[in-house]
Amino acid sequence: MGEAILTGSDLRKVFDGTVAVDDASFAIGEKTITAIIGPNGAGKTTLFNLITGFLSPDRGDIRFRNKTLNGTPPHEIARRGISRTFQDLRLIRQMSVRDNLRLAYPNQKREAFWRALFGRKGEAEGRVVEATLRLQGFGSLVPLYDELAGNLSYGQQKFLTLACCLAMGAEILLLDEPVAGVHPDMASQILQHMLELKEQGRTIVFIEHDIEAVRRVADQVIVMDEGKVIASGSKDEVLVRKEIIEAYLT
Amino acid sequence: MLPQLFVNGLIAGSIYALVALGFGLIYSTTRFFHFAHGAVYAVGAYLTYAGWLWGLSLYIAIPLAVIGTSALGALLDIAVYRPLRKKGASSLILLLASLGLFIVIQNLISLIFGDDTKTIRSGAVTEGLPIFDARITPIQITIIAVSVPLLALCSVFMRRTKIGKVMRAVANDPELARVVGIESDQIVLFTFVLGSALAAIAAILISLDTDMTPMMGFYALLMGVVAVIAGGVGSIPGSALGGLLVGMAQHLGVWKISTQWQDTIVFLILIFFLLFRPQGFLGKAVKKVSV
Amino acid sequence: MDYLLHILILINIYIILVISLDLIAGYTGLLSIAHAAFYGIGAYATALLSLHFQTNFLVNMALGMAGAALLGTIIAFPSLRIHDDYFVIATFGFQMIVYSVFNNWVDFTRGPLGIPGIPTASLFGFAIDSHWKFLILSALFACLAYGVVHKLVNSPYGRVLKAIREDEIFARSLGKNVNSYKIQVFAIGGALASVAGNLYAHYVTFIDPTSFTILESILVISMVIIGGAGSLRGPVIGAVVLVILPEALRFVGLPSSVAANLRQIFYGSLLVLMMLYRPQGLIGEFNLQGR
């Protein structure tokens, strides 16, 4: 395992009277794939929200490459290189696939007011995104470029959200249920992509309920329940533990 | 000076409380801002005027006007809001529709009755009875004597009767109410009837004191909206409390700031609450979009 | 013929208003009923500056735009923290505050008396003193406004706005500074609306607060919604329809107050009908229920 690139210490978040995250700590190694598993309501998505700045922790510290993320707004955290997908599949359904991808591309000059008004037309930026994505194995999206994102199948939409994370040039991808509810063939493709992305040097953390998916791609596993981190370690260590198997895998 | 302002504030506050209560009830059960409530309010006063013009005594015209206004409220629900709800319209669409209705109704009043001030008052303008350094006219006493028990009655109604409890349940948690199978269309219709009746009573009371114009509804609506937000959306006592707050703030404000800025104070209160405490005094926390 | 020119000039002025509001409400999804406030700032700025300082209308326009942009920035702030329908209420509060400043700050704006005798606009020594000349001037600005907004919304900047409209959380997760964009569109939209106000003031040469009320804001948002929010062409059509059709009533020979009421009843009814049967408006590209 490489250096811990993303860490959280003693995180706590309470809302509506319930403790969603309870003294949770974690360390994600660079260029690894970590799976977070646990029952519904365990605090997994809340943890993602804390890391990406959509929620701020009541207590505790989150660091990316040893610089704190606490108090940083979500868009800034995204710019620093942490991308994410959402459990309820967020996308701009009324825009084409192409436009969703182009939206994700970072540092676009014509997204600023003056440049948009007076800059020269030409979507050179967009073409770079598309070429890169094709190289990275997202060629299957190319024929769908002009389709409205809302018209894609569920699996294709999930694939698109993964592509958006890449189009951002993100180093860390936080994927919330990347294969849940997806046709097995598409799920397999997505998982294969995750492995390839790790080879390319990215770090992935994903939440899943599908243990086969976890076994297939994860290096490390974190188990959460009732806001706490119950277990964390390498996949082989954690997944053979009897209590884990009984509680979560059956 | 101060006692008089206090009395004036109390009078205005009672009227706004009635308007806000109706408006707030409707919001609680339907989750959108029924702007047309202001126009419905004005209709209450004008129907009374029409009845009186026609030769009816006020004792007959007033109840008829209240009934007529309630019927109007019900009509708006059945003809416009319910079909929109059935189509799954968002609260913004409902709000825009209600803006349209407001404009139509207010202009119909203006068309039929004219823009000049109409009165249903009889008798000369009296000086008012002295009370603690202030003066209060018999009509103004009536306003308070009617609104306070009426508000109390509504409160009892909400707590003790079956339909009142159901309304509160729907207001509290519309999702749950739907799941439990409460016939929400009926409840909503009833809310419109009740809310419109309250508005009519408020309009009639104020007209007995200060006459009526077609724009009166607009003004009452503004105060109603601020009252509901300040007092707490979804909280029934909150709406009444908010009304009182607005009335008081508006009149007591005159003590330090000149009368022309009376209304500005009220709107600044609105912005303050929206920015810092959108749930008002007594409302529940406003849910933000969940991630 | 003069009458036709008058209609066309009005249409041009309203085009600027609806285009700027479409940027805010149609493309970014921030429904605002405060637009008349920006309109009024542009009008009052030029009226007061040209009367007190004899400055050229273009200078006044620039200053009016700056003032409106500032107000826009202020109004945008609540949108960052408040959920949808409450935000509309906040814009309504701001509109009322600005109106009450126009109406009550008598020392500055002459309040309800209004400002008469606004000098003719002149462009590089060339006086715009006939309806033909004003038509050309207003058409020029309408095209300019349309061009600016068209370029913006069809660029990557516009893409971000549309993303914010549908799902601002997703937009943030992609690294977009949503708060900054919201503030910008209000400032830009407000500034453009003030241009319309400037032109209006020089055209009618007398302004008073009654042209910049909440009803005017509602009229402009109605034009946007009825035409089809988020399409630019739609609101333009909405503006044309809502300026022309009520004018047809004049030819029926009704007294002007009746015509005024009927005109409002017309557009109020149209708003309700559109919400019931075609909420996406005449052009209908973006559905208000987009979420």
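Buried residues, those with 20 or more other C-beta atoms within 10 Å of their own C-beta, placed from the backbone, make up 56% of the 291 residues in chain C. The model is a predicted one, in which local features need pLDDT of at least 70 and side-chain atom pairs count only at pLDDT 80 or more, while totals for chains, interfaces and linings use all residues. Residues are numbered from 1 along each chain as its sequence is written, and chains are lettered from A and ligands numbered from 1 in the order in which they are written.

The secondary structure of chain C consists of twelve helices and two strands, where helices (H or I, at least four residues) and strands (E, at least two) are DSSP runs numbered from the N terminus. Along the sequence, the pattern is α-α-α-α-α-β-β-α-α-α-α-α-α-α. The C-alpha atoms of chain C fill a box of roughly 55 × 45 × 35 Å along the principal axes. A compact globule of 291 residues would have a radius of gyration near 19 Å, and the 18 Å of chain C agrees with this; the radius is taken over C-alpha atoms, and the globule rule is 2.2 Å times the number of residues to the power 0.38. Two residues are in contact if their C-beta atoms, placed from the backbone, lie within 7 Å. Among contacts in chain C between residues at least 6 apart in sequence, 77% join residues at least 24 apart.

The contact between chains C and B takes 33 residues from chain C and 40 residues from chain B. On the side of chain C, two or more residues each come from α3 (57–81), α4 (84–104), α10 (214–227) and α12 (256–277). The most come from α4(C), with twelve residues. This side of chain C divides into 21 nonpolar, nine polar and three charged residues; Ala, Val, Leu, Ile, Met, Phe, Trp, Tyr, Cys and Pro count as nonpolar, Asp, Glu, Lys and Arg as charged, and the others, Gly among them, as polar.

In chain B, helix α2 (residues 37–53) has 17 residues, which should span 24 Å at 1.5 Å a residue; its end C-alpha atoms are 24 Å apart, in agreement. The expected span is 1.5 Å times one less than the number of residues. Because 14 of its 17 residues are buried, α2(B) is largely enclosed by the rest of the structure. Just after α2(B), Gly55(B) takes a positive phi of about 100 degrees.

How values were computed
Buried ≥ 20, exposed ≤ 12 C-beta atoms within 10 Å, placed from the backbone.
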